[in-house]
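Here is a short briefing for your first look at a protein model. Keep the sequence and the 3D view open as you read.

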Amino acid sequence: MTSTENAVAQRQGTKRAVTDSSTEDTEDDEAHELLQAAKRARVCDAARAKRRRAQQQRAQRPFRCPVCLETLSGTILECGECAHVFCEACLRECLKRQQRCPMCRRDPAPLRRNRPVERLVASLPEACPFLDMGCWAVLTRATASAHALACDFASFTCAYCTHDGRRRDHNDHACPGHEPSLPPSTTPAHLTDPPAQNTVL
């Protein structure tokens, strides 16, 4: 091979190396962009979840029990003297120690159940317990508990394998236990019963 041919081969090799290098750089850049996009999405979701919880706290703040300092829950009782409202469990516990209202320090009798406040509390906004897992359902305190039991973003453990994840991803993973099978109760009779013998008269 002449020196000219050697020079041409070297240039071609250099060109291929540069092309391969640029291709790898492009792939690296694309992977980096995807990672950055995923990171930005997580940050946005976290900020959105934080705003949702802040809105929930602002809406529920006027309905806090003076004893437990949590949002009123269950049966809500009202002091007969000062009309302050309490969780029934909290107020009953206070009255066991002394027969005085925790707020006005007077005898709270007669205690009254405050149903209008109960309805207001039931209609307050409540975030799904699995908000951080991606559930953005718009709920109230009256519907949050039932929703949590069936939420697609709840944690799920497969009964047939070691898969752990969200309930909505249940059908996305494959394991032998998910193969459909015919329950015994639905097996056709002609597949289980022995053939009847012909009787000659």
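A residue counts as buried when its relative accessible area is under 20%, and as exposed when that value is over 50%. The model is predicted.

**Confidence**
- The average pLDDT of the protein is 75.
- A score of at least 70 is reached by 63% of the residues.
- Residues 180–201 have a pLDDT below 50.
- Where pLDDT is low, predicted coordinates should not be read in detail.

**Cysteines**
- The structure contains 0 disulfides.
- Cys-90 is in no disulfide, and its nearest cysteine sulfur belongs to Cys-68, 3.8 Å away.
- Cys-94 is in no disulfide either; the nearest cysteine sulfur is that of Cys-90, at 7.0 Å.
- The relative accessible area of Cys-94 is 11%, which means that Cys-94 is buried.

**Helix α3**
- Helix α3 spans residues 115–122.
- Which residues of α3 are buried? They are Val-117, Glu-118 and Val-121.
- These three lie on the same side of α3, because they cover an arc of only 105° around the axis.
- The cover over the buried residues of α3 includes β1 (76–78) and β3 (112–113).
- Asn-114 caps the N-terminal end of α3.
- In this cap, a side-chain oxygen of Asn-114 lies 3.1 Å from the backbone nitrogen of Val-117.

**Gln-60 in helix α1**
- Gln-60 belongs to helix α1, which covers residues 3–60.
- Is Gln-60 buried or exposed? Gln-60 is buried, because its relative accessible area is 6%.
- Leaving aside residues up to four places away in sequence, Gln-60 touches Thr-71, Leu-124, Pro-125, Glu-126 and Arg-141.

**Ala-150 in helix α4**
- Ala-150 sits in helix α4, residues 144–150.
- Ala-150 has a relative accessible area of 53%, so this residue is exposed.
- Ala-150 and Arg-167 are 17 residues apart along the chain.
- Their C-alpha atoms are separated by 8.8 Å.

Key:
Residues are numbered from 1 along each chain as its sequence is written. This is a predicted model: local features need pLDDT of at least 70, side-chain atom pairs count only at pLDDT 80 or more; totals for chains, interfaces and linings use all residues. Side-chain values use heavy atoms; hydrogens and water are left out. A disulfide is a pair of cysteine sulfur atoms within 2.5 Å. Buried means under 20% relative accessible area, exposed over 50%, partly exposed in between (1.4 Å probe, protein chains only). Helices (H or I, at least four residues) and strands (E, at least two) are DSSP runs, numbered from the N terminus. The arc is that of the directions from the helix axis to the C-beta atoms. Contact means heavy atoms within 4.5 Å. A polar contact is a pair of N or O atoms within 3.5 Å; within protein, one must be able to donate a hydrogen and the other to accept it, and residues adjacent in sequence count only if both atoms are side-chain atoms. pLDDT is the predictor's confidence in each residue, from 0 to 100.
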